Amino acid sequence: DCLLASCCGRGYIIVLMKTVITQTRRQDWVAGAAVLVVLLGITFLHYTTMAGLSQLHAVYRYFYFLPIVFAALRFGFWGGLLAALFASLLFAPHILFKWGSFPEDSLNDLLVVVVFYGVAIITGVTIDRLRRSEAKQAQTVEELAASLHQLEVQGEELRRAERLSAL
């Protein structure tokens, strides 16, 4: 970090960091919008497909897992949980509309909604733990690099002192 600052100047590093943060925020917005669009697309498929085509509806309900898992991978626990909540809110009216005609499928749909939350929680918690572990490892690497640099400086000072004492 100090070598980079001395080569490029601290102003450049600050501008670079702001650019990276801005790009990350923009990418987060795009990813969040993509999750929303996919959820709405899957819901559109459900509501525009005839009720009698239960095989298609069975496939569509499992499509909801894709944006939920993506949101959990991208945004962690809360992202996955919000995606699961949004998916279940979009999917709930579909379940209620067909409850009278296909009660077995509707019960299955309700259980799938519970699994939405389970998948979101498990994936989100796992990703959050992984990120914390990676951050801790990065901090350890930085500390070890600083210790190594300090040892190299001390070694150089010792060699200089030995040379001076030999004179």
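You will find Ala-34 in helix α2, which covers residues 10-48. Phe-70 sits 36 residues away from Ala-34 along the chain, and the C-alpha atoms of these two are 9.7 Å apart.

Before we go on, please keep in mind that this is a predicted model. How confident is the predictor in it? The mean pLDDT of the chain is 79, and 78% of the residues reach 70 or more. Helix by helix, the lowest mean pLDDT belongs to helix α1, residues 2-8, at 45, while helix α4, residues 65-97, has the highest, at 88. Over residues 1-8 the pLDDT is below 50, and this stretch makes 5 contacts in the model beyond its near neighbours in sequence. So much for confidence; now the overall layout.

What is the chain built from? It has 5 helices and 0 strands, so reading from the N terminus you simply get α-α-α-α-α. There are 167 residues in the chain, and 26% of them are buried. The accessible surface comes to about 11,700 Å², with 70% of that belonging to carbon and sulfur atoms. Here is a number about how the chain meets itself: take the contacts between residues at least 6 apart in sequence, and 66% of them join residues at least 24 apart.

Now for a residue on the inside. Thr-123 is part of helix α5, which spans residues 103-166. Is Thr-123 buried or exposed? Thr-123 has 17% relative accessibility, so it counts as buried, the cut-off being under 20%. Which residues does it touch, if we leave out those up to four places away in sequence? Thr-123 touches Val-69, Ala-72 and Leu-73. The side chain of Thr-123 also reaches the backbone oxygen of Val-119, at 2.8 Å.

How many salt bridges does the structure hold? There are 2. In one of them, the side chains of Arg-159 and Glu-156 meet at 3.4 Å, N to O. These two residues are 3 apart in helix α5, which means that about one helical turn separates them. Both are partly exposed: Arg-159 has a relative accessible area of 43%, and Glu-156 has 30%. Glu-156 also forms a salt bridge with Arg-163, where the closest N and O atoms are 3.7 Å apart. Put together, Glu-156, Arg-159 and Arg-163 are linked in a network of salt bridges.

Our last stop is on the surface. Which residues form a nonpolar patch there? They are Phe-44, Leu-45, Val-59, Phe-63 and Leu-66, and together they have about 460 Å² of accessible area. Two elements give two or more residues to this patch: α2, and α3, which runs over 54-63. Leu-45, one of the patch residues, lies in helix α2. At 30% relative accessibility, Leu-45 counts as partly exposed.

To recap, we have a predicted model of a chain with 5 helices and 0 strands. We saw a buried threonine, Thr-123, a salt-bridge network linking Glu-156, Arg-159 and Arg-163, and a nonpolar patch on the surface that includes Phe-44 and Leu-66.

How values were computed. Residues are numbered from 1 along each chain as its sequence is written. This is a predicted model: local features need pLDDT of at least 70, side-chain atom pairs count only at pLDDT 80 or more; totals for chains, interfaces and linings use all residues. Side-chain values use heavy atoms; hydrogens and water are left out. Helices (H or I, at least four residues) and strands (E, at least two) are DSSP runs, numbered from the N terminus. Buried means under 20% relative accessible area, exposed over 50%, partly exposed in between (1.4 Å probe, protein chains only). A polar contact is a pair of N or O atoms within 3.5 Å; within protein, one must be able to donate a hydrogen and the other to accept it, and residues adjacent in sequence count only if both atoms are side-chain atoms. Contact means heavy atoms within 4.5 Å. A salt bridge is a side-chain nitrogen of Lys or Arg within 4 Å of a carboxyl oxygen of Asp or Glu. Accessible areas come from the Shrake-Rupley method with a 1.4 Å probe; for residues, only the protein chains shown count as cover. pLDDT is the predictor's confidence in each residue, from 0 to 100. Patches are made of residues with over 30% relative accessible area and no salt bridge: like charges are joined within 9 Å, nonpolar side chains (Val, Leu, Ile, Met, Phe, Trp, Tyr) within 5 Å.
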